[in-house]
Amino acid sequence: MNVNLKPKPINFKFGEYINKGVELLKKDFGNILVAFLLCMVMAIIPFCGLVAMGNMYKYLQKLNRNQPASPGDIFDFKDIMPYLKLQLIIFGGIFVIYIPLMIVLILTGALSQDRNDAGPLAMIFVIPYVIFIMVAVYYFALKAFYMVPLISLKGIKDLKTAWNISKVMTRGNLIAILLFSLVVGLLAQIGILACGIGIILTIPFTYTANYFAYEDAIQQIEHDEITEIGSKNEF
């Protein structure tokens with residue numbers, strides 16, 4: 001584990017992240033839009049979607065800190081391995097999830113040739129299973145909310161470490177994170193009202209708002225040894 005981090009549940013500042021996300025987007029909209037479009041291009045490349053996302057947050061961090069940054073930074077593959085492993089785990093998980101469902105559907109197809117009630121019987125299994133899977137997917141996605149920024153912004157390469165830290169950080173905040181994701185997603189989709197054309201202009205907000213959620217969370221768990229030494233000396 002990174003020695004500079006002290007994982008703890010995060011004080012999730014819902015409104016602050018949205019406001020700061022809007023301000024950053026307004027501050028440098030042109031470059032952020034170009035970076036977002038490059039991010040979409042890179043996501044087309046197999047297994048590069050998470051790399052593009054991680055690089056986007058690195059780019060936004062540089063912009064926010066007034067450091068030299070270029071939209072071309074999105075095409076950076078030096079940290080590809082953690083993202084590649086994470087994406088393979090996600091694909092593997094999806095595959096495992098669908099195995100029981102596919103088995104039931106295949107058996108249902110075979111039984112339907114001989115019995116008329118095979119379909120309803122299959123639904124008795126399929127509907128609860130689908131509900132269970134949806135709940136499980138949302139749960140793990142929310143618990144992993146901070147994994148990508150831990151990899152991109154703090155350089156944590158070990159996925160187990162990133163997962164364990166993210167689990168602690170999201171403790172007690174799952175509902176807040178879910179509502180935040182829903183609100184940000186809805187705001188980012190406002191462009192659909194402009195016949196779909198404006199969506200390219202609003203979707204980058206998803207990245208800027210999420211960036212501030214990640215940046216603030218990481219700052220909350222960073223262990224400042226100088227500050228701690230100073231506080232001890234006061235006693």
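User: Which side chain does Arg 65 meet in a salt bridge?

Analyst: The side chain of Glu 215, at 2.6 Å from N to O. A salt bridge here is a side-chain nitrogen of Lys or Arg within 4 Å of a carboxyl oxygen of Asp or Glu. Before we go on: this is a predicted model, where local features need pLDDT of at least 70, side-chain atom pairs count only at pLDDT 80 or more, and totals for chains, interfaces and linings use all residues. Residues are numbered from 1 along each chain as its sequence is written, and side-chain values use heavy atoms, with hydrogens and water left out.

User: OK. Where do Arg 65 and Glu 215 lie?

Analyst: Arg 65 is in the loop between helix 3 and helix 4, and Glu 215 is in helix 10, so the pair ties together parts that are 150 residues apart in sequence. Helices (H or I, at least four residues) and strands (E, at least two) are DSSP runs, numbered from the N terminus.

User: Is Glu 215 buried or exposed?

Analyst: Glu 215 counts as buried, at 7% relative accessibility. Arg 65 counts as partly exposed at 42%. The cut-offs are under 20% relative accessible area for buried, over 50% for exposed and partly exposed in between, with a 1.4 Å probe and protein chains only.

User: How many salt bridges does the structure hold?

Analyst: Eight. One of them pairs Asp 79 with Lys 157, with the closest N and O atoms 3.8 Å apart. Asp 79 sits in the loop between helix 3 and helix 4 and Lys 157 in the loop between helix 6 and helix 7, so this pair ties together parts 78 residues apart in sequence. Asp 79 counts as buried at 15% relative accessibility, while Lys 157 is partly exposed at 41%. Salt bridges that share partners also join Lys 58, Asp 79 and Lys 157 into one network.

User: And which residue pairs with Lys 26?

Analyst: Glu 23, at 3.5 Å from N to O. They are three residues apart in helix 1, which means about one helical turn separates them. Lys 26 is exposed, with a relative accessible area of 59%, and Glu 23 is partly exposed at 47%.

User: Switching topic: how many helices and strands does the chain have?

Analyst: 11 helices and zero strands. Of its 235 residues, 38% count as buried. Among contacts between residues at least 6 apart in sequence, 73% join residues at least 24 apart; contact means heavy atoms within 4.5 Å.

User: What about the largest nonpolar core, how many residues does it have?

Analyst: The largest nonpolar core has 51 residues, and those with the most contacts inside it are Met 56, Leu 60, Tyr 146, Leu 150 and Phe 180. A nonpolar core means a set of buried Ala, Val, Leu, Ile, Met, Phe, Trp, Tyr and Cys residues joined through side-chain atoms within 4.5 Å.

User: Which helix gives the most to this core?

Analyst: Helix 10, with 10 residues. There is also a second, separate core of five residues, including Leu 101, Val 104, Val 126 and Tyr 129.

User: Back to Met 56. What does Met 56 touch?

Analyst: Leaving out residues up to four places away in sequence, Met 56 touches Ile 32, Ala 35, Phe 36, Cys 39, Ile 74 and Tyr 207.

User: Last one: which residues make the nonpolar surface patch?

Analyst: Phe 47, Leu 88, Ile 90, Phe 91, Ile 94, Tyr 98, Met 102, Leu 105 and Ile 106 make a patch of about 840 Å². Patches are made of residues with over 30% relative accessible area and no salt bridge, with like charges joined within 9 Å and nonpolar side chains (Val, Leu, Ile, Met, Phe, Trp, Tyr) within 5 Å. Accessible areas come from the Shrake-Rupley method with a 1.4 Å probe, and for residues only the protein chains shown count as cover. Ile 90 is found in helix 4, residues 80-111, and counts as partly exposed at 40% relative accessibility.
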